[in-house]
Structures are given as structure tokens and as C-alpha cells.
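Dear colleague,

I am passing on the structure that you asked for, and my notes follow directly below it. Please read them with the structure open beside you.

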Amino acid sequence: MSALRQKMIEDMQLKGLAVRTQEAYVNAVLQLSRHIKKPPDSINEEELREYFLYLKNEKQVADSTFSIALCGIKFLFEQTLKQEWHTLELVRLNRKKKLPVVFSVEEVKQILSCVQRWQYRVCLNTIYACGLRLLEGVQLCVKDIDSDRKMIHVVQGKGSKDRYVPLPDHTLMLLRHNWRTHRNPDWMFPSRSGSGPMDKSGIQRAFQAALHESGVHKDASIHTLRHSYATHLLEAGVSLRVIQVYLGHASPATTAIYTHLTPVTEAQVSQHINRMQADVWG
């Protein structure tokens, strides 16, 4: 490992960045270095400018990819190399504000019923019923299930934050039944070898196959189950503040997006608007 990479990693550790974030930032810098064909600390501002234009105009990378490249490269040059370049201030990500896709309760039921492998079905059910992210579900540990309190302890979720989420009775029953099929002492959803959690790629393929078979024609992923969980809680009258805690969102503004997704909210707004118009026109 080069001295520069080691210093960047140490700087990220001091900053408190998650391990996965550190790996993504280092990889972003490696890709820059390979493209320019120079060590990162030998790259000048004009070469950096050309690289960002290449990503935007020629390669046309996805917004998420560009965001990681920008953040990783900015961290190296601004924090580790102490460069104050105008290009680093100039480059911005074009953030597209898209509302997430959401399933109805019936659609969730249709899709999960089409998942063939039992362990995948239970894992996906848990992700939906508890509002988990994909890796939070796949890497769920036996010790994180609090059966007495009917809670799941999500350890080191996004942003390295712990949280507790309610565990429905039916999901607890499914988890117990699934555990009896393998009795792994550590993992709720172990790999075939049992030495670690199952790989996320298998359950992603299973979800897409079930989505296709169910006849639900939406551009969705496993993360759509989490969006649906939040929306369904909001429709049931749960406050945004409580949903924010369950999802592990740092900002209430992130959770507030779900108010735009629920028909219940839209119906309530329509009622208020109609009432206002009736009052105005008598």
C-alpha cells in the first residue's frame, strides 16, 4: 500500500467515515489515477477538470457513480493533499429529485408469494416488515433478534448508526421457523457454508424473478420494499418522526418525501382544498 493511500485512509478514519465509504473513495481515486496514468499526487488541476468532463460528457456515468467519484476525489485533494483548487468547488452533481417507486400492500403480497426459495422469502418479508436496507436484512444476526421485546437491533446501519425497529409477530414466527431449518449460531440467513451471511446477489436475482412473475409492472428493486414500508406506516397514521427513527434517517426532510407518495395524504389535501373553495364561493 502506498504512503498516500495509507494517509488518505487514516484521514477518513479520523473523519469517522464508514468502512464501505472508505473503500468507495479509495476506488474512486484509483480509477482517476488509472485514467490519467499518473500517481494521484502528480495530477494537476487541468487534468482533474478533464477527468470530470470525461465522466459527465463521454462516459455519462450514473449520478450515484459520479457522486462517489466527486466525494472521493475531493476528499483526497482537499483533506489529504490540502489543495485549494477552483475546479473542486466548481464541479457539482445534477441532483434529480425523483419520487421513489412504492408498492401497494397487495402488490407486496403478490411479489413475495412468487419467491421460490424459502430463505429468500423470509428475508424479503423481514426487510419489508421492518423497513430494513438490503444488507441490514441479509446480514441479520441471531443475537440481534429480541424476541421478548419483539424488536430487531439494527447494528451499525448506514452512517454507522444503531437503531431498534419493531418486529411483527408474524415475521418473528417466520424467522423462528427459518432458523430451525439451519440452526446457525450466528446468522439468521447464512450462506451454504454457514461461515457467513448469504450473498446479496442471489436474493436480488430472486426478487427480480418474483417481480416479473407477479405481473407487477414497476421499475423496482428490493429497496422499494423499504419505501413501501414507510409509506404504509404513514397511511396507517404513524407520525413522520416515528417513521424517521425506524428508518434511521438523520434528517426529517428525508422521511418527509413519503408524504408525497400516499393516496391517503393526497385525499386529505383534496378535502381541505375543496373545503376552502366551498368557503370562498359560499
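How many nonpolar, polar and charged residues are there in the lining of the second largest pocket? By class, that lining has eight nonpolar, four polar and one charged residues, where Ala, Val, Leu, Ile, Met, Phe, Trp, Tyr, Cys and Pro count as nonpolar, Asp, Glu, Lys and Arg as charged, and the others, Gly among them, as polar.

Before the rest, please note that this is a predicted model, in which local features need pLDDT of at least 70 and side-chain atom pairs count only at pLDDT 80 or more, while totals for chains, interfaces and linings use all residues. Residues are numbered from 1 along each chain as its sequence is written, and side-chain values use heavy atoms, with hydrogens and water left out.

To return to the second largest pocket, its space comes to about 210 Å³, a volume being the space filled by probe spheres set on grid points that are joined across faces, edges and corners. A pocket here is an open set of points on a 1 Å grid over the protein atoms alone, where a 1.4 Å probe fits, with protein on both sides within 12 Å along at least five of seven lines, and lining residues have an atom within 4 Å of a point. There are 13 lining residues, and A28, Q31, Y51, T65 and A69 lie nearest the centre. Helices α2 (19-36), α3 (45-58) and α4 (63-80) each supply at least two residues of this lining, with α2 giving the most, five residues.

The protein has 14 helices and three strands, taken as DSSP runs numbered from the N terminus (helices H or I, at least four residues; strands E, at least two). The three strands form an open antiparallel sheet in the order β1-β2-β3, two strands being paired if DSSP finds at least two bridges between them. Because β1 (145-146) and β3 (161-166) stand at the edges, each with a single partner strand, one side of each is left without a neighbour in the sheet. Two bridges join β1 to β2 (residues 151-157), in which I152 is the bridge partner of I145 and M151 stands opposite D146. Between β2 and β3 there are five bridges, and V154 stands opposite R163 in β3.

As for cysteines, the count of disulfides is zero, a disulfide being a pair of cysteine sulfur atoms within 2.5 Å. C141 counts as buried at 14% relative accessibility, whereas C71, at 33%, counts as partly exposed (buried means under 20% relative accessible area, exposed over 50%, partly exposed in between, with a 1.4 Å probe and protein chains only).

With best wishes
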